[in-house]
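Please open the model in your viewer and keep the selection panel at hand. The tour below moves from the whole chain to single residues, naming at each stop what to select and what is found there.

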Amino acid sequence: MFKRLEVKITVSLALILTAMIAVYGWWTGSRQQSIYVQALSDNLRVLAHSLADNAAGFIVTQEYAGLEAHMLNAAQMPDVVSIQVVEPNGNLLCNIERPSRSVPPRLIYGKKAVTVLTTREPLLRRQGDQLVCWAPISAGTHLGWVRMALSLETANQLQRATWHSSLQIGALWILVGTLLMVLVVKRPLRAVRELSRFAQDLQDHKGAQVSVQRGVYEIDQLADALNHSSTELRDAEQRLIAEQERLTVTLQSIGDGVIATDTGDRIVLLNQVAEVLTGWSEAEARWHRLDQVLKLAGEREHSEVMAELHHVIEARQALELPGQHRLFSKSGAERTVTVNSAPIINSSGELGGMVLVIRDITEKAKMEAEKRGLAQQLVQSQKMEAVGQLAGGVAHDFNNMLGVIMGHAELGMLTAEPSGQMHDRLKEILDAARRSADITKQLLAFSRQQHAEPKVLDLNETIAKMLKMLHRLIGEDIDLSWSPGFDLWKVKLDPSQLDQVMANLCVNARDAIAGVGKIEIYTQNVALNLHDQARMADLVPGDYVMLVVSDSGKGMSREVMDRIFEPFYTTKELGRGTGLGLATVFGIVKQNRGNIEVASEPGHGATFRIYLPAVHEVAQESKPEVEKPVGGTESILLVEDEPAIMEIGTTILSQLGYTVYAAGSPDQAIEIAADHKKAIDLLLTDIIMPGMNGRDLSERLLKSRPGLKCLFMSGYTADVIAERGKVDEDMCFLQKPFTMHSLATKVREVLTEP
């Protein structure tokens, strides 16, 4: 054993010394190579520029034979790999190559052109085992390039030679050092041998006094101390056995279930109550993992609960799992319990594991569930109104911040390299901001506070244009059937709201279908009367366009149908839905004075019928979207009390070519407009601002500038805008948050209107 220890110490030190010498040799060789390459680079730069100056004279006089002879003479240097004289368009005037140092350079005529630099600046760079220099040829104008390449083989040989020399010297040092180390460690290990023998005897005769060969003072002291400790250890072990017996009796007498684990999350103890609750005996459960025996379920996943319990050991803090949990025994019996846990820490502060106390509250939980059921009825009736108020309260500030994020992300993407990592990251930021804006729109649609720009639409034409998008949403396994109604009446609806309705209904239908299935969409003219009003209380009799979306999915029970339009209610798995989809559809339909019906049975799919009031007008043609935002040269007065929005709006409009006068308040805007030397073509103003709203500001400026065009913007909800902003339906409006594209499009639209 000790001989192996001596070998380990000696070999370890030798390996460390070897590694240090190898690293030093490598570093020295790399340093020598670097110095050589730097000197070679300086010579190459001077030589390449000299050849470029000579080449200029040959090219001007068109003495190409002399050019080739001159370059061939320069290529006689040992390290030259190639010399090329290239015209600005890439055509080769002279091409000299050398396959190896032992072969003389020669002219190559088979190659006609090469790729040249995009700039006219000289360039020196390393390409593999070559050093390449591009020197521009100039004679009053740019005549081309001289490309000269030198081999770095000599530099590599220099590095290897230096490294080999260092290793040879190091080998000698390792040999000498190893011999010295053998002599140094031999004497201390004699004492270690004796100490090891003493320890073995002490272990074999636990609690007894063991003698040791005297002679080394330190070992004599250690032996006396260990003999004393051995006696105390035997006494302490006996006391510990008695204490364990008392603890076991106490734990078995407690009315709650008790489970103890070690630091590895393995069970070491179960009392009788815990055995009844879990269905495991202590002998069966011992050394099993806690999550195998304690099967908890509740509002959170089992893995989350286990992770919280593990935190007790990590943080060394007691924990009471919030709420009540269902405990499933080994036989499948279910009980309602609460769980408390605490770390097991001994008197020395060392962590020994964790103890859990499980209390059975099944009967108490039944009584509390009845009370919660009564309270839930009241809460449920207030939920719709509460979420609507929440949406209106956060929309303005949230939309402002999203506008800043989206604007800066788009500006950054304009300057970032399209194929670069920064461009991809900015795109991810922009996509996340857009998704956040979509969530705000869903909340506003549910609360019927979304600012809408309704247009007269032909549902058949509009839905037909969506089919490609809907096919992507539902996937290839589901058949999408579209049956447009004949001579369909028109409806007045915001096209973006119709997109939300169709997307949410189709996604909901897709999730209800397991595997292959079918979704049917069709439209029809209907006339609803007082008889229909009996099943739709807020229905106004008249002409309607009916939009039907049905699926062959798993259907819904009556209990689910009663709650499908509630916000945040969902039957989908965690992470599969927010519970806002159908609530958004409901809000949009009601905002547009329509109605919605649902028919479904378990196993027989679901059918959604949406009734939208018919209008007898000509449908408005949608303007095609442009890929790039279009700017202009007009002057715009931008009024915005939020500095971040004003800054990003000014930057975007300026980059689009407009002259922007930025004002942080209505008073500052009035002061700017008073200067008639400044031509102002458009007033772009926030609607709700301190002191004066945007509508009043526009009316005041129109008195002094009658031809001024106005575009209003806001992040507030529609009800707040209508109350405080005095917005009419015919006003030009831009909803925050806006993208660079939507801002540019809306500004261009207002400026080009007659």
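Begin with everything displayed: among contacts in the protein between residues at least 6 apart in sequence, 64% join residues at least 24 apart, where contact means heavy atoms within 4.5 Å. This is a predicted model, in which local features need pLDDT of at least 70 and side-chain atom pairs count only at pLDDT 80 or more, while totals for chains, interfaces and linings use all residues. Residues are numbered from 1 along each chain as its sequence is written, and side-chain values use heavy atoms, with hydrogens and water left out.

Colour next by secondary structure, which shows 20 helices and 25 strands; helices (H or I, at least four residues) and strands (E, at least two) are DSSP runs, numbered from the N terminus. Of the 754 residues in the protein, 43% are buried, a term that stands for under 20% relative accessible area, with exposed for over 50% and partly exposed in between (1.4 Å probe, protein chains only).

**Aromatic rings**

Select W134 and W145, which form the one aromatic pair that the structure holds. Their ring centres are 6.0 Å apart and their planes stand at 85 degrees, so the pair is edge-to-face. Rings of Phe, Tyr and Trp (its six-membered ring) pair if their centres lie within 6.5 Å, and planes under 30 degrees apart count as stacked, over 60 as edge-to-face and the rest as tilted. W134 belongs to strand 5 (residues 130-138) and W145 to strand 6 (residues 142-151), eleven residues apart. Both W134 and W145 are buried.

**A pocket and a cavity**

Select Q244, L247, V268, L269 and I344, which lie nearest the centre of the second largest pocket among its 17 lining residues. That pocket has a volume of about 570 Å³. On a 1 Å grid over the protein atoms alone, a pocket is an open set of points with protein on both sides within 12 Å along at least five of seven lines, a cavity is a set of points where a 1.4 Å probe fits but cannot get out, and lining residues have an atom within 4 Å of a point. Grid points are joined across faces, edges and corners, and a volume is the space filled by probe spheres set on the points.

Which element gives the most to the lining of the second largest pocket? Helix 4 does, with six residues; helix 4 (217-253), strand 7 (257-261), strand 8 (267-270) and strand 13 (351-360) each supply at least two. By class, the lining of this pocket divides into nine nonpolar, five polar and three charged residues. Here Ala, Val, Leu, Ile, Met, Phe, Trp, Tyr, Cys and Pro count as nonpolar, Asp, Glu, Lys and Arg as charged, and the others, Gly among them, as polar.

A search of the whole structure finds two cavities of 30 Å³ or more, and the largest cavity has a volume of about 40 Å³. Select L493, L498, V501, L547, I588, V589, I610 and L612 to see its lining. Helix 12 (495-512), helix 15 (581-591) and strand 20 (606-615) are the elements that give two or more residues to it. The lining of the largest cavity has eight nonpolar, no polar and no charged residues.

**Loop residues, buried and exposed**

Select L656, in the loop between helix 16 (643-655) and strand 22 (659-663). L656 has a relative accessible area of 11% and is therefore buried. Beyond its neighbours within four places in sequence, L656 is in contact with P629, G631, G632, M740 and A744. The C-alpha atoms of L656 and M740 are separated by 9.5 Å, although these residues are 84 apart along the chain.

Continue to K736, in the loop between strand 25 (733-735) and helix 20 (740-752). Buried or exposed, at 2% relative accessibility? K736 counts as buried. Its C-alpha atom is separated by 9.3 Å from that of F398, 338 residues apart along the chain.

Finish at Q62, in the loop between helix 1 (2-61) and helix 2, where phi is near 60 degrees, a positive value in a residue other than glycine. At 56% relative accessibility, Q62 counts as exposed.
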